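Thanks for coming, everyone. Let me put the sequence and the model on the screen, and then we'll walk through it.

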Amino acid sequence: MRTGLLGRHIKYSKSPEIHTKSYERLRLPLTYELFDLPREDIHHFIDTLSKENIVGFNVTIPYKETIKEYI
C-alpha cells in the first residue's frame, strides 16, 4: 500500500525518509512517496487513488485549498 506527500516542486522533502523508517520500525506494509504533480493533474490523482493503491497522503501549502473540494 502506498502513502505520500502531494505537492509541487517537493523533491527536497525529507518526508519519505522519515515515514519509511517509521513504517519499517513498526513493520507496516506501506511505502511513502512524493506525488509531485501540476495542479491540473490533481483530479486524476484523486480519481485513481484506489486503482493506484494509495491509502493516504499529506498535502503541501500550494494545494491545501484545492484539495478541500475533494474532502
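How many bridges join β1 to strand β3, and do the two run parallel or antiparallel? Five bridges, and the strands run parallel. Strand β3 covers residues 54-59. Before I go further: this is a predicted model. Keep that in mind throughout.

Let's stay with β1. This strand spans residues 2-7. Mostly covered: five of its six residues are buried. For a specific pairing, take L5, whose bridge partner in β3 is N58.

Now the other neighbour. β1 also pairs with strand β2, residues 31-36, through six bridges. Again the strands run parallel. Look at G7: D36 of β2 stands opposite.

Is T3 buried or exposed? Its relative accessibility is 8%, so T3 counts as buried; the cut-off for buried is under 20%. The T3 side chain has a polar partner: a polar contact of 2.8 Å joins it to the side chain of Y23. The contact list of T3, leaving aside neighbours within four places in sequence, includes Y23, L30, T31, Y32 and E33. F35, V55 and G56 are on that list too.

Over to helix α1, where P16 is found. P16 has a relative accessible area of 18%, so it is buried. That value sits under the 20% cut-off. Beyond neighbours within four places in sequence, P16 is in contact with Y32 and L34. One distance for reference: the C-alpha atoms of P16 and K64 are separated by 19 Å. Those two are 48 residues apart along the chain.

Next, the core. In soluble globular proteins, nonpolar side chains tend to be buried together. Here the largest nonpolar core has eleven residues. Among them are L6, F35, L37, F45 and Y63. Which elements give two or more residues to this core? Those are α2, β3 and α3. The top contributor is α2, with three residues.

Zoom in on L37, one of the core residues. Not counting residues up to four places away in sequence, L37 touches L6, G7, R8, F45 and Y63.

Last topic: the aromatic rings. The count is two aromatic pairs. First up, F35 and F45: tilted, 5.1 Å centre to centre, with 50° between the planes. This pair links distant parts of the chain, with F35 in strand β2 and F45 in helix α2, ten residues apart. F35 and F45 are both buried.

Then F45 with F57. Why is this pair called edge-to-face? The planes are at 80°, so the pair is edge-to-face; the cut-off is over 60 degrees. The ring centres are 5.2 Å apart. This pair also links distant parts of the chain: F45 in helix α2, F57 in strand β3, twelve residues apart.

How covered are these two? F45 has a relative accessible area of 7%, so F45 is buried. F57 comes out at 25%, and therefore counts as partly exposed.

Over to you for questions.

Methods. Residues are numbered from 1 along each chain as its sequence is written. This is a predicted model: local features need pLDDT of at least 70, side-chain atom pairs count only at pLDDT 80 or more; totals for chains, interfaces and linings use all residues. Side-chain values use heavy atoms; hydrogens and water are left out. Buried means under 20% relative accessible area, exposed over 50%, partly exposed in between (1.4 Å probe, protein chains only). Helices (H or I, at least four residues) and strands (E, at least two) are DSSP runs, numbered from the N terminus. Two strands pair if DSSP finds at least two bridges between them. A nonpolar core is a set of buried Ala, Val, Leu, Ile, Met, Phe, Trp, Tyr and Cys residues joined through side-chain atoms within 4.5 Å. Contact means heavy atoms within 4.5 Å. A polar contact is a pair of N or O atoms within 3.5 Å; within protein, one must be able to donate a hydrogen and the other to accept it, and residues adjacent in sequence count only if both atoms are side-chain atoms. Rings of Phe, Tyr and Trp (its six-membered ring) pair if their centres lie within 6.5 Å; planes under 30 degrees apart count as stacked, over 60 as edge-to-face and the rest as tilted.
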